[in-house]
Amino acid sequence: MSNLIFSDSFINGEFYKTDTHFSVNDPATEKSIVDVSDIDERGVSLAISAGQGAFVKLKATNATERSETLMRWYELVIKHKQTLAELMTKEQGKPLKESLGEIDYGAGFIKWFAEEAKRSYGDVIPPTDNTHRLTSFKQPVGVVAGITPWNFPVAMVTRKIAPAYAAGCSFILKPSEHTPLCAIALAYLADQAGFVKGAFNVLVSQDAKTVGKMLTDSEIVRKFTFTGSTGVGKQLLSQCASTIKRTSMELGGNAPFIIFDSAELDEAVEGLMAAKFRNSGQACVAANRIFIQRNILDKVLSKITPKVAALKVANGFEDDVDIGPLIYPKAKEKVQQLVQDALDKGATLIGDNSDLGGSFQNPLIVNNVTTEMDIYHEEVFGPVLTVIPFDEESEVLALANDVPFGLAAYFYSQNIKQIYRISEGLEFGMIGVNEGVISNPVAPFGGVKQSGLGREGGHQGLDEYLEEKYVCIKV
Ligand code: ADP
């Protein structure tokens with residue numbers, strides 16, 4: 001189909017229809033894009049069997065073949081870049097220029113793991129006596145199931161499916177019910193690229209709980225990978241305990257963004273705009289707590305305030321739009337509650353908070369945020385920049401670390417000793433130093449503390465889908 005819009009789950013290389021449907025809406029217009037089939041329990045069981053059958057077939061492939069198939073998938077995704085990006089803006093709302101960027105970024109994982117597929121080396125271990133030879137080699141984990149969120153409907157999918165296929169694993173994916181269309185389109189293109197049938201199944205469902213439970217309870221599924229909120233991640237992790245599955249969890253963050261007085265301020269402001277407002281602030285790595293050293297506070301605010309006011313809020317298809325709608329009206333309600341709580345507790349508002357209708361939220365700056373406010377502790381997931389003034393380096397490091405999360409952190413400094421001290425002191429899995437956008441397929445993405453387990457991307461991303469087998473031979 002030329003627009004790559006499909007309305008059914010995709011199991012064993014075929015579309016799977018059911019009689020019950022739900023609507024996937026465009027968050028900008030709140031109108032239905034298409035009614036999609038809601039998967040039934042039979043479909044989930046079929047997908048698990050398809051994954052099991054495909055895993056047997058994948059064992060007969062080799063890394064070079066899988067690499068070539070992945071490269072064909074990469075080429076098809078790039079060939080359909082414009083169509084996929086338009087589909088993404090339609091179902092997710094982000095500005096088209098950001099959707100185009102995400103297709104490149106998401107396709108980057110496919111290309112990277114096409115290359116890494118050939119590098120799953122094992123070890124030759126020096127023996128402790130002369131009568132044994134010790135080796136270890138890597139084998140695919142088996143059938144994998146995964147659940148992905150709505151904020152990056154392509155990249156969150158490719159960075160799981162590509163390493164799984166590279167390793168030789170089959171996959172059953174349940175994408176977010178808000179953005180299933182990109183996932184189905186990706187599975188369709190993977191099939192066109194020559195994926196083993198049943199190696200990439202997509203289950204479209206609005207009953208995430210039931211589908212999640214069937215996937216986590218299955219003894220056939222050997223690994224579970226999740227990207228989403230920490231609350232749901234904890235629940236899925238405990239469900240995986242019953243069958244001792246391998247797990248990867250990419251969960252919530254609460255990223256500090258620190259501007260020290262040694263920073264190059266124009267660069268810091270530019271980095272902050274990207275780290276805060278990309279995807280309307282709906283990213284787990286979005287800057288959430290902006291710490292600015294008090295002696296430069298006024299200067300930074302005077303630079304950033306006009307930039308925030310100039311951001312264009314509109315349908316993602318309009319020209320030069322910076323901020324699309326939030327994913328649904330409830331997301332805007334949550335942002336409004338967090339802002340109101342902060343204002344009630346003494347914060348000050350910079351910007352126009354009048355209602356733009358629908359799920360559109362004007363970008364705002366909330367200054368003088370303190371640890372008493374909910375907005376300090378929760379992911380805002382919206383275009384609101386919260387400012388916390390600080391005086392001392394030791395004070396800001398303690399504040400930055402004093403949250404249960406540890407995904408991404410950013411800081412701006414031109415002081416080399418400070419750069420080392422803060423990079424080493426921040427308890428986060430990823431640090432941007434004088435840089436506000438750090439995600440890259442070639443680097444390990446992931447968090448510490450309650451932000452998750454495991455890494456995606458980098459050479460580490462392949463190991464998440466491999467088991468290491470030790471072989472001891474007596475000679
Ligand atoms: P977000 O707030 O970003 O939507 P969620 O963690 O709620 O984050 O959702 C991420 C993914 O998890 C989505 O695909 C959603 O359908 C799924 N999900 C939500 N609740 C559950 C659950 N109880 N069990 C399994 N999956 C769930």
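In this predicted model, helix H8 gives the largest share of the shell around the ligand, three residues. H8 spans 230-241, and the other elements that give two or more residues to this shell are helix H7 (208-217) and strand S10 (221-227). The ligand is surrounded by 16 residues, and the closest are Thr-148, Trp-150, Lys-174, Glu-177 and Ser-229. By class, the shell holds seven nonpolar, six polar and three charged residues.

The ligand taken alone exposes 550 Å², of which the protein buries 80%.

The ligand sits in the largest pocket, whose volume is about 860 Å³. Its lining consists of 34 residues, and those nearest the pocket centre are Trp-150, Gly-228, Ser-229, Val-232 and Tyr-328. H7, S10, H8 and helix H11 (329-344) each give two or more residues to this lining. The lining divides into 15 nonpolar, twelve polar and seven charged residues.

The second largest pocket holds about 200 Å³ of space. It is lined by 13 residues; Asn-25, Pro-27, His-178, Ile-327 and Tyr-328 are the closest to its centre. Strand S3 (residues 21-25) provides the largest share of that lining, three residues. Five nonpolar, four polar and four charged residues make up the lining of the second largest pocket.

Technical notes:
Residues numbered from 1 in each chain as written. Predicted model: local features only at pLDDT ≥ 70, side-chain atom pairs only at ≥ 80, totals over all residues. Heavy atoms only, no water. Near = heavy atom within 4 Å. Areas by Shrake-Rupley, 256 points an atom, 1.4 Å probe, with all protein chains shown as cover. 1 Å grid on protein atoms, 1.4 Å probe; cavity = no way out; pocket = protein on both sides within 12 Å on 5 of 7 lines; lining within 4 Å. Sits in = over half its atoms within 2 Å of the grid points. Helix = DSSP H or I, 4+ residues; strand = E, 2+ residues; numbered from the N terminus. Nonpolar A, V, L, I, M, F, W, Y, C, P; charged D, E, K, R; others polar. Points joined across faces, edges and corners; volume = space filled by probe spheres on them.
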